[in-house]
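Please read it alongside the sequence and the model shown below.

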Amino acid sequence: MTSPFQDKQEAVSYLESLLNKNLRVTTTDSRIFVGAFKCTDAESNIVLQYTYEYRHPTPQQAQQQNTTQGDPTNSNPTNPTTTETTTTTTTTETTTSKIKLDLTSRYLGLVVVPGQYIVKIEVEEFASQLRGRGLL
Amino acid sequence: MNSFDDEQLPLTQGFGDLSLGNDYYSPKPGLAFEEPPSPMISSEGIIAQEITDKFLSAAAKLEPGELVKDGFFTLFESVGALEVMDPKMDSGCLAPGESLDDDYDVSRLLSPSEVIGIIDQLFSLEMAWHLGYPLSQTLFTSVYVEKLQHPNPTTIHDADFIRGHAADSPRDPMHTVLRAYCLGLLKACYFVNERIKSEHIYEEEDFVTNTYNRSLLESLNRSDIYDEIVTARQVLRDTHHTETNELAQALDFRLQFRLAFLRAIELSELRTDPASLTPPWAEMQAVWSKISKTRDLGSAVPGAFSTKIQRRLASTMPPRPIVQPSAQETQRHFEKLIEDGMSVLNVLNYTDSQSLLKFVLTFQAQKPQPMVYVRALLQNFLFHDMIILGQLSIRRVMDDDLSIVVLPDSILLDPINDTIEAPHQPRFIIASHMEIFRQRAAQSYLDIFRAFCQNRCRVRRTLFHSLQDWEMLQAEAEEIDELLQPHADEKLLVYPPRTGGIPTGSMPLSSWAYHYKLQLMQWTVQLGFELEIYQPNELASMYWYLAYLAQTHIYHIDRIKFFTTHRLETTHPTSPQYPRSQAFLEHTHALTRATFSLALALSTLYTALARLGLLPSLTTSSSPLAPPASSSSRPYSTDALRHEIRMKPFASVSLPDLPSHEMMVQATTRGGMSSTAGLLEEVKGSVANVRRQLGVLAALAGDDGEEGTKRRDDNGVAGEWSTANGNKVFAVGCLDRWKGQVVEGWMKAVVEIEEVVERVSKAENETKGGGVKGEGVVTRLKLKVPRPSEAGHEWWIVPRIVKE
């Protein structure tokens, strides 16, 4: 892997720019942890604060939801997740099967995600700020 | 506020700080429902950008051990972080191939015997919760319970494990029964939990009140749940003929039990006449025996219980195993719960303050101790809203107690004093001083009752705290006594009589405080024996100290008696308070003398056994690796230092003096002054004294316990005092229990001592002629210090001869 960073200083300042932003860290068992980024080290162990755990519904739940909810109508391909605000569960819409599914969530607080289990890291940005920076 | 609050608050807070993210979500049960809704994983305004590769390569540039972290985030905080994917910490971590779902289908049809099986397992789990295990490992492992209360039902119709059930379509009868049962169960748990939360109970020691963000049907009406159970019983009757179908009958018993338990809880809130509160408990008792007889009809449904549910509870704990007592244990504990629940109601029959105290003492001294819920009920009955037993003011109880102990028929306690408005009147002055005293003493007095409502270790610990308080109270009471004395029209007397000392007043208030202080000190030492605080080599000195305290107490009672008798003889009043007070003094005198003689007997016995080398060393019960027990082998301490530590809680007490180490050594070695045979003779003498005093107590209590119980009912009216049996020993409402624990329990210790003395004397006499003194006995006899639970009475640890 060719590193996008020329020197260490650049890498550190990039990581520092992420501090206190909300990260979404997906682990090997396909859970997603969303929390404020507090700390990392050389092995990419990540400390998140105020973390919620989101879990994809199990096949059984998926089936139930599928039968009760029916097909979705408004799908937006650029944004793979939509939300449902009335309950504590959050709805996602899988792009593959085109149905709405509830992600079950749980509050965990302060967590460490060991680097070896991380498969995906996303940073949450305000769309308005991205637009302001001309990135969108 | 009292000392309990002071102690408990920082503790709870301390635990709160340990849990994760406490600034966001408080795990305190009361606030459990204020968990913020989880944020939406996406919204219009927020876009997630993938940065995986960039992040990982940036992190790879860091040196090993180097951190990039937020300046306000300390590594100390991170110690409390939950490590994802660690199976010991991360409750969401699944084993490979494991699914989060339970594959159990709650909508499947159940046979009646399966429903009985599920219900009986729920009984066991409910009991495990009562015994102190968390809901997560007990009731909340039931799939039915989980589906019933999550998502939280807001109406009775919602409360079903099969959600979205059409209102008009009939439920399967077996589902109706199980649902009604679970509703009754959870609602009862809610009330039990609330009751326990509202009283002083030690979380982590006694009971776990955490409900893991489940509501226990908080928002549903009690009456709706009654209706559901009644309807379910009706359905049972319609579909099966309850009279002929034993399965239907068994189910009906179980529903009836739930109904009765809910009623019992509802009625206990009233705190009125025990006779009107008892019926639901009696019904529970009757139904319970039928339930246990029909247990074999059920067939277990293991799939309906799963530890997986714990992953969805508001807990950061990974799943722990289900805790389930066996059917026999469940039955035993339920029987005990019902029995205690019924007998605790009797506390509401108030006759006098000393009987009330004795009720609490004997009720809590039961082995095993009553369950937490019953103890919470007792506290609620005693203290709720600062109205004692739902009918008496604290002042009323305190004045009653003062009149029993020191001030029968006294002007100091005359309620008329309060109506005098002229400030120069002695009665006005008395009223104002007494009010100051009451305000000062009330909390200390109530704390004694409250302390005894705790678990046994806490009782001892709390009494130690109270001791300091009573020490100060006694000093303050002395000042008030001196202020009151000129107004109370009391003749000064020389005490002890005919010693030519300076005449003094009776000092009633400080005498009262001193009485309780001595009582507290004796209880504390006695609880030390019960809780196995003392090592075998300390027993001689601790029993000697107990005897010392009891002796001081006897002298003090003599002094109170002297002044009371003098007042009675000079004024010839007719108030029934005099005979009552005299009976109390007589009873306490006998009891304290018994304590004194028994403690002295045991101290002397242990001294003699130590001389003969028969006392087991410290290592007998602990690991064989521990060093041998002689003093020289404990190089980092000395006997004097150990004495100082052991006596530390008593060191701040000015009266009675703390005996010095030398004094106690002298008392427990007897400096070789008397022969061992002489010591054993002394034990016999003391034991004979105990027998005599216990005889006096038994006579006071009346030989026929039943009669005492019957008469108690006639004398239910507070304030009156007759010489009925329970009254003379101030054990109205708990006479049989008191007799069993003290008169009979202590007598067991007496018999044990006599036997040991007999056999040791015999062995010693026989070996004396033949060999070297002492050695022969060691080889012939082997002694063991029993655990308190094995002893005849927990307070009197009599050594046992295990080998002859």
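B:Leu389 is placed in the loop between helix 12 (372–383) and helix 13 (394–405) of chain B. In this predicted model, the phi angle of B:Leu389 is near 55°, a positive value in a residue other than glycine. B:Leu389 is buried, and its relative accessible area is 1%.

A positive phi in a residue other than glycine also occurs in chain A, at A:Ser30, where the angle is near 65°. A:Ser30 belongs to the loop between strand 1 and strand 2 of chain A. With a relative accessible area of 37%, A:Ser30 is partly exposed, whereas B:Leu389, at 1%, is buried.

**Cis peptide bonds**

Loops of chain B also contain cis peptide bonds. One joins B:Tyr495 and B:Pro496, with omega about -5°. B:Pro496 is found in the loop that runs between helix 15 (456–484) and helix 16 (508–530) of chain B. Another cis peptide bond links B:Leu655 and B:Pro656, again with omega about -5°. B:Pro656 sits in the loop between helix 19 (639–651) and helix 20 (661–669) of chain B.

**Buried residues within helices**

Helix 19 of chain B also holds B:Phe650. This phenylalanine is buried, with a relative accessible area of 2%. Which residues are in contact with B:Phe650, leaving aside its neighbours within four places in sequence? They are B:Phe464, B:Leu467, B:Met521, B:Thr524, B:Val525, B:Tyr545 and B:Leu658. B:Phe464 is 186 residues away from B:Phe650 in sequence, yet the C-alpha atoms of the two residues are 8.3 Å apart in space.

B:His553 is located in helix 17 (residues 539–571) of chain B. Its relative accessibility is 0%, and B:His553 therefore counts as buried. When neighbours within four places in sequence are left aside, the contacts of B:His553 are B:His515, B:Leu518, B:Gln519, B:Gln522 and B:Thr592.

**Packing of helix 11 against helix 14**

How do helix 11 (residues 353–364) and helix 14 (residues 426–452) of chain B pack, and at what angle? The angle is about 25°, and the axes are 9 Å apart. Because angles under 35 degrees count as roughly parallel, helix 11 of chain B is roughly parallel to helix 14 of chain B. The crossing of these helices is left-handed.

On the side of helix 11 of chain B, the contact is made by B:Ser353, B:Leu356, B:Leu357, B:Val360, B:Leu361 and B:Gln364. Helix 14 of chain B contributes B:Tyr445, B:Ile448, B:Phe449 and B:Phe452. By class, eight residues in this contact are nonpolar, two are polar and none is charged.

Helix 2 (residues 52–60) of chain B has B:Thr52, B:Phe55, B:Ser57, B:Ala58 and B:Ala59 as its buried residues. What covers these buried residues of helix 2 of chain B? The cover includes elements of chain A, namely helix 1 (8–18), strand 1 (22–27), strand 2 (32–41), strand 3 (46–55) and strand 6 (118–126). Strand 1 (46–50) of chain B is also included in this cover.

**The chains as a whole**

Chain A has three helices and six strands, arranged along the sequence in the pattern α-β-β-β-α-β-β-β-α. The secondary structure of chain B amounts to 25 helices and five strands.

In chain A, 47% of the contacts between residues at least 6 apart in sequence join residues at least 24 apart. The corresponding share in chain B, for residues 24 or more positions apart among contacts with a separation of 6 or more, is 77%.

| Chain | Residues and buried share | Accessible surface | Share from carbon and sulfur atoms |
|---|---|---|---|
| Chain A | 136 residues, 48% buried | about 6800 Å² | 50% of the surface |
| Chain B | 804 residues, 54% buried | about 34400 Å² | 55% of the surface |

Notes: Residues numbered from 1 in each chain as written. Chains lettered and ligands numbered in written order. Predicted model: local features only at pLDDT ≥ 70, side-chain atom pairs only at ≥ 80, totals over all residues. Heavy atoms only, no water. Axes fitted to C-alpha atoms, helices over the stretch in contact; angles between N-to-C directions. Helix = DSSP H or I, 4+ residues; strand = E, 2+ residues; numbered from the N terminus. Parallel < 35°, antiparallel > 145°, perpendicular 65-115°, else oblique. Left-handed = near helix turned anticlockwise from the far one by under 90°. Contact = heavy atoms within 4.5 Å. Nonpolar A, V, L, I, M, F, W, Y, C, P; charged D, E, K, R; others polar. Buried < 20%, exposed > 50% of the residue type's maximum accessible area, 1.4 Å probe, protein only. Areas by Shrake-Rupley, 256 points an atom, 1.4 Å probe, with all protein chains shown as cover.
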